[in-house]
Amino acid sequence: MDVPQTGHPRRWAILSVLVISLLVVVLDNTILNVAMRTIADPHAGLGASQGQLEWAINSYTLVFAGLLFTAGILADRFGRRLSLMVGLALFGLASLLSAYADTADQLIWARALMGLGAAAVMPATLSIIANVFEPHERGRAIGVWAGAVGLGVAIGPIVGGLLLEHFWWGSVFLVNVPVVIAGVILVRVLVPESRDPKPGRVDVIGVLLSILGLSLLTYGVIEGGEAGFGEPRAWGTLVGGLVVLALFVLYERRIPHPSLDVRLFTNRRFSASTAVIGLVFFAAMGSMFFSAFYLQLVRGFGPLASGALFVPFAVGQMVFAPRSAAMVARFGPKAVSVVGQLLVALGLAGWLFVGATTPIWIVGALFFVMGVGMANVMPPATEAIMAALPREKAGVGSAVSNTVRQVGGALGVAVLGAILSSAYRDGMSEATAALPAGARDAASESISGAYGVAAQAGPAGPALIQQANDAFLTAVHYASIGTTAFTLLGALVAAIWLPGRRPADAPPAGTAEGLAEEQGLELVEA
């Protein structure tokens with residue numbers, strides 16, 4: 001029997017507007033990956049260190065992730081369209097501040113402010129989808145939403161490369177402004193307002209605990225990569241972060257209106273989907289971090305050419321993400337998710353064999369395989385999370401999905417950046433032993449620093465560059481082992497805990513009844 005086509009009459013036009021709103025957030029992060037080498041340059045950029053580059057990413061991500069819970073609650077309380085418009089406006093303002101930052105520290109703080117705007121944007125887009133689409137269409141709509149991430153990944157590096165080849169580095173942030181203006185106008189005209197008729201209270205203490213805990217945890221990982229994990233500042237902040245996060249969980253369990261309702265995690269499919277998203281983004285974002293330096297430094301590609309090499313990853317997502325709902329209906333969430341993560345693991349494991357002279361089409365093929373895999377992991381996992389909550393609590397479900405994704409990505413950059421820095425530093429210890437102290441520190445700190453020292457080293461420069469490339473590639477191989485291992489762990493989680501193919505007489509997928517029957521659990525009426 002055909003399912004009636006119900007939902008908001010302008011739902012597909014509304015989805016297009018939400019995609020534009022999502023693009024401005026995704027564009028910013030993918031453009032930043034291409035601009036990292038320029039920002040690290042002391043003459044053309046800000047002279048940012050490896051740690052500062054990581055914090056330029058993580059300051060945004062940690063504010064974003066820490067405030068997503070509250071942003072979801074506020075959107076449910078005051079209106080999702082209002083949240084979306086305010087978030088876009090704040091994001092555009094912060095982009096202007098980022099573009100005209102004079103130091104790396106100013107950029108880090110401006111990026112944190114951008115994270116505040118993004119925190120209002122992201123949960124609103126998913127929760128609006130949950131409210132304007134009926135369950136039988138929601139999986140397809142979320143597939144399109146996820147495909148928009150691929151579109152942003154494709155457009156971002158190319159736009160960033162074009163801007164960097166013709167303008168100064170700050171132009172990569174100014175590009176957000178016209179997208180924000182268009183987004184605000186379209187949201188105001190097309191998107192209907194929706195809110196929770198019985199909103200909960202804002203959990204101020206829980207939000208502060210989550211921000212503090214995640215910041216300490218990631219700072220400890222970054223500091224461990226730069227100074228060594230034996231340093232008190234590294235392990236002390238790591239332990240402190242874990243303690244604060246443990247207090248956060250205990251506090252959330254005791255209060256009537258938590259920012260994160262931990263009862264959600266008694267739902268097996270919800271917990272497994274959350275873990276899968278976190279693990280796959282941990283691996284993917286960490287690999288994007290080191291691949292940008294490989295393309296621009298080791299291979300010598302300019303910003304535009306290196307940006308274009310990320311396009312296969314985006315194409316894989318754009319083509320296959322909208323089709324994932326049909327794949328899940330045919331083969332079940334478990335099979336689709338496991339195969340998707342194995343494809344991601346295959347693409348990441350391929351970096352073990354990448355060298356300075358590897359044919360570049362092989363690198364492009366690895367990106368494409370990763371994109372196809374991600375396209376079959378994200379939509380079904382996101383749909384499972386959204387289906388675990390009633391419509392009026394869609395902001396909370398969206399916040400959980402986006403928080404896990406962003407925290408996973410932040411920790412991926414931090415942990416794999418730490419592995420990369422430690423392995424690179426070990427590989428450069430002998431090569432830099434005879435250099436003056438200042439030059440030795442710069443060349444050992446990052447491959448960008450080594451290139452800067454080599455430019456001033458005269459005849460010894462080419463040898464130093466060769467040694468830096470060798471040390472960096474060895475570090476990339478170590479990091480790729482880590483990314484592959486975490487992706488395989490995600491595949492194992494999916495294989496054990498995600499449900500298989502649904503029987504023909506089961507309630508429709510994505511409905512409350514279908515999910516409850518599948519889990520043998522009651523929905524959380526948070």
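Q: How do helix H14 and helix H20 sit against each other, in terms of angle and axis distance?
A: In this predicted model, the axes of helix H14 (residues 333–349) and helix H20 (residues 461–497) cross at roughly 170 degrees and come within 9 Å. The two helices, H14 and H20, are therefore roughly antiparallel to each other, since angles over 145 degrees count that way.

Q: Which residues make that contact between H14 and H20?
A: From H14 the contact uses Lys334, Ser337, Val338, Gln341, Leu342, Val344, Ala345, Leu348 and Ala349, while H20 brings Ser480, Thr483, Thr484, Thr487, Leu488, Gly490, Ala491, Ala494, Ala495 and Ile496.

Q: And how many of the residues in the contact of H14 with H20 are nonpolar, polar or charged?
A: The residues divide into 11 nonpolar, seven polar and one charged.

Q: What about H14 with H15, what are the angle and the distance there?
A: H14 and H15 pack at about 160 degrees, and their axes are 7 Å apart. That angle makes H14 roughly antiparallel to H15.

Q: Is the crossing of H14 and H15 left-handed or right-handed?
A: The crossing in which H14 passes H15 is left-handed. On the H14 side the contact is formed by Gly340, Leu343, Val344, Leu346, Gly347 and Leu348, and on the H15 side by Leu366, Val369, Met370, Val372, Gly373 and Met374.

Q: What is the split by residue type in the contact of H14 with H15?
A: For H14 with H15, the contact residues divide into nine nonpolar and three polar, with no charged residue.

Q: Moving to H10, how does it pack on H15?
A: Helix H10 (residues 268–298) packs with helix H15 (residues 360–375) at an angle of about 160 degrees, their axes being 12 Å apart. That makes H10 roughly antiparallel to H15, and the crossing of H10 and H15 is left-handed.

Q: Which side chains are involved, or rather which residues of H10 and H15 make the contact?
A: H10 contributes Val280, Phe281, Ala284, Ser287, Met288, Ser291, Tyr294 and Leu295, and H15 contributes Ile360, Val363, Phe367, Met370 and Met374. By type, the residues in this contact of H10 with H15 are 11 nonpolar and two polar, and no charged residue is among them.

Q: Changing topic, Arg405: where is it, and is it buried or exposed?
A: Arg405 belongs to helix H17 (residues 394–428), and with a relative accessibility of 5% Arg405 counts as buried, because buried means under 20% relative accessible area.

Q: What does Arg405 touch, leaving aside its neighbours within four places in sequence?
A: With those neighbours set aside, Arg405 is in contact with Met122, Trp145, Ile277, Phe281 and Met378. Phe281 is also one of the H10 residues in the contact with H15. The C-alpha atoms of Arg405 and Gly278 are separated by 5.2 Å, although these residues are 127 apart along the chain.

Q: Is Ile447 buried or exposed, and which helix holds it?
A: Ile447 is found in helix H19 (residues 447–455), and Ile447 is buried, its relative accessible area being 3%. Not counting residues up to four places away in sequence, Ile447 touches Phe293, Leu297, Val298, Tyr424, Ala468, Asn469 and Phe472. Between the C-alpha atoms of Ile447 and Gln467, which are 20 residues apart along the chain, the separation is 9.8 Å.

Q: And Leu242, buried or exposed?
A: Leu242, which lies in helix H9 (residues 232–254), is exposed, with a relative accessible area of 52%. The C-alpha atoms of Leu242 and Leu214, 28 residues apart along the chain, are 8.3 Å from each other.

Q: What does Ala182 count as?
A: Ala182 counts as partly exposed at 31% relative accessibility, and Ala182 lies in helix H7 (residues 176–190).

How values were computed. Residues are numbered from 1 along each chain as its sequence is written. This is a predicted model: local features need pLDDT of at least 70, side-chain atom pairs count only at pLDDT 80 or more; totals for chains, interfaces and linings use all residues. Side-chain values use heavy atoms; hydrogens and water are left out. Axes are lines fitted to C-alpha atoms, for helices over the stretch in contact, and angles run from 0 to 180 degrees between N-to-C directions. Helices (H or I, at least four residues) and strands (E, at least two) are DSSP runs, numbered from the N terminus. Angles under 35 degrees count as roughly parallel, over 145 as roughly antiparallel, 65 to 115 as roughly perpendicular and the rest as oblique. A crossing is left-handed if the near helix is turned anticlockwise from the far one by less than a right angle, and right-handed if clockwise. Contact means heavy atoms within 4.5 Å. Ala, Val, Leu, Ile, Met, Phe, Trp, Tyr, Cys and Pro count as nonpolar, Asp, Glu, Lys and Arg as charged, and the others, Gly among them, as polar. Buried means under 20% relative accessible area, exposed over 50%, partly exposed in between (1.4 Å probe, protein chains only).
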